[in-house]
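Dear colleague,

Please find below the structure that I am handing over to you.

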Amino acid sequence: MSTAPTPTRLVATPMPDGSVRVVGHGSRFRRSRRSELMIWWREIDRFLLALILMLVVIGCVAVAAASPASAQRLSTAKKSLGDLYFFWIHLRWVAVGLVAMFIASLLPKETARRGAILLAVAMIVALVLVPLVGSEVKGAKRWLWIGFSLQPSEFLKPGFAIALAWVLSWRLRDPKLPVIPITVAVMALVATLLMAQPDFGSTVLFGGVWFVLVLLSGLPFNRILWSMGAGLLGLVAAYLFYPNATNRIDSFISGGSEFDQVDLAMRTLLNGSWSGAGLWLGSRKNALPEAHTDYIFSVVGEEFGLIACAVIVLLYCAVALRVLMRLLDEDDLFTILAAAGLTAQLVGQAFINILVNLQLFPSKGMTLPLISYGGSSTIALLLGVGLLLAITRRNPYLSREKFDIADLVRK
């Protein structure tokens, strides 16, 4: 007895020219997956993606340059680290981060928003646990051990910016909603948890992102002045009553000594002159603590020259400018705030790190985004970039009406 073949399910697929193509169900599935990737490639900001990948590549080269110095400093009689020890580990973290970035960039805007808010809530809970069960390194408790070392504050950064943008966008629904007090309460909670670690540098960065978002949301001018005054008062209070901030600010004002980290970083940076000493030919980096993380910008200056440092600065500026250009004709307040917050976070952290290396800002213990070696920081930063790419995705054939922020202020 012969068995009749299973009939193929036919699906009619509309074509761009108005015709209809009839294909099998399996073919339709494969085509839909390809179509999704084609739509993603068409809607994503490819220029911004290229800038980010350039920074990542530069970071891999910079970590390779700094790895021997850090490996020698951290080697012991019992365990000797290879010269490229940190470089190989960094490549693994970058690979994981790029996968996270790609997956996040595929998400629809609403899904990205919900996921980021859940991430923010989870990381705030994790920050509460850090002082209780966290791992202490160099006098600071900033990590949780969950099979691997997790720094909650790093993963909170993208979630924080998007969650605040979502709350502030409520003003369009009802201008009477107390969105500013809600964001102030969230900022105060995050600042308290960070300063308990202690992590004064991240507190300043989160506060800066909060101020940028509140400013862009249409805060009246008199409230802007009040916010600036409150920020200055908070810095003064931190200096007077928070030893971590007191020590860093005093060291910055006094200029320190020739053995201070920041002074060593400046000497290392200038040692390469304009063209640099060459890869692995720098000498001052060997005396520099945290050469592969906090002070990697100085290592770049010594081995590749001040011109390479200028290129890095220009790339960060290009990232900020590209996002601003992308938002010029945006008509959604949440998209504007979320993209601006994520960009302010990335570029703000970069310039804080660079200014520290140039002795123009108190030492913060903050990495150079996408360039410094890191586990949690590298993955979290690339995840944030993925969310930024998802939020700024746009149909190039869809015209938009410009968003008038002045009208929001009048409301």
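**Overall composition**

The protein chain contains 15 helices and 5 strands. Please note that the model is predicted. Of the 411 residues in the protein chain, 46% are buried. The accessible surface of the chain amounts to about 20,700 Å², and carbon and sulfur atoms account for 67% of that surface. When contacts between residues at least 6 apart in sequence are considered, 70% of them join residues at least 24 apart.

In soluble globular proteins, nonpolar side chains tend to be buried together. In the present model, the largest nonpolar core comprises 101 residues, and Ile 52 and Phe 160 are the members that touch the most others. Helix α2 (residues 46–74) supplies the largest share of this core, with 14 residues. As for Phe 160, its contacts beyond the neighbours within four places in sequence are Ala 120, Val 186, Met 187, Val 190, Phe 206, Val 209 and Trp 210.

**A pair of helices**

I would also draw your attention to helix α4 (residues 109–133) and helix α14 (residues 376–391), whose axes come within 9 Å and cross at roughly 150°. This crossing of α4 and α14 is left-handed. On the α4 side, the contact is made by Lys 109, Ala 112, Ala 116 and Leu 119; on the α14 side, by Leu 383, Leu 387, Ala 390 and Ile 391. Sorted by class, the residues in the contact of α4 with α14 are 7 nonpolar and 1 charged, with no polar ones.

With kind regards

Conventions:
Residues are numbered from 1 along each chain as its sequence is written. This is a predicted model: local features need pLDDT of at least 70, side-chain atom pairs count only at pLDDT 80 or more; totals for chains, interfaces and linings use all residues. Side-chain values use heavy atoms; hydrogens and water are left out. A nonpolar core is a set of buried Ala, Val, Leu, Ile, Met, Phe, Trp, Tyr and Cys residues joined through side-chain atoms within 4.5 Å. Buried means under 20% relative accessible area, exposed over 50%, partly exposed in between (1.4 Å probe, protein chains only). Helices (H or I, at least four residues) and strands (E, at least two) are DSSP runs, numbered from the N terminus. Contact means heavy atoms within 4.5 Å. Axes are lines fitted to C-alpha atoms, for helices over the stretch in contact, and angles run from 0 to 180 degrees between N-to-C directions. A crossing is left-handed if the near helix is turned anticlockwise from the far one by less than a right angle, and right-handed if clockwise. Ala, Val, Leu, Ile, Met, Phe, Trp, Tyr, Cys and Pro count as nonpolar, Asp, Glu, Lys and Arg as charged, and the others, Gly among them, as polar. Accessible areas come from the Shrake-Rupley method with a 1.4 Å probe; for residues, only the protein chains shown count as cover.
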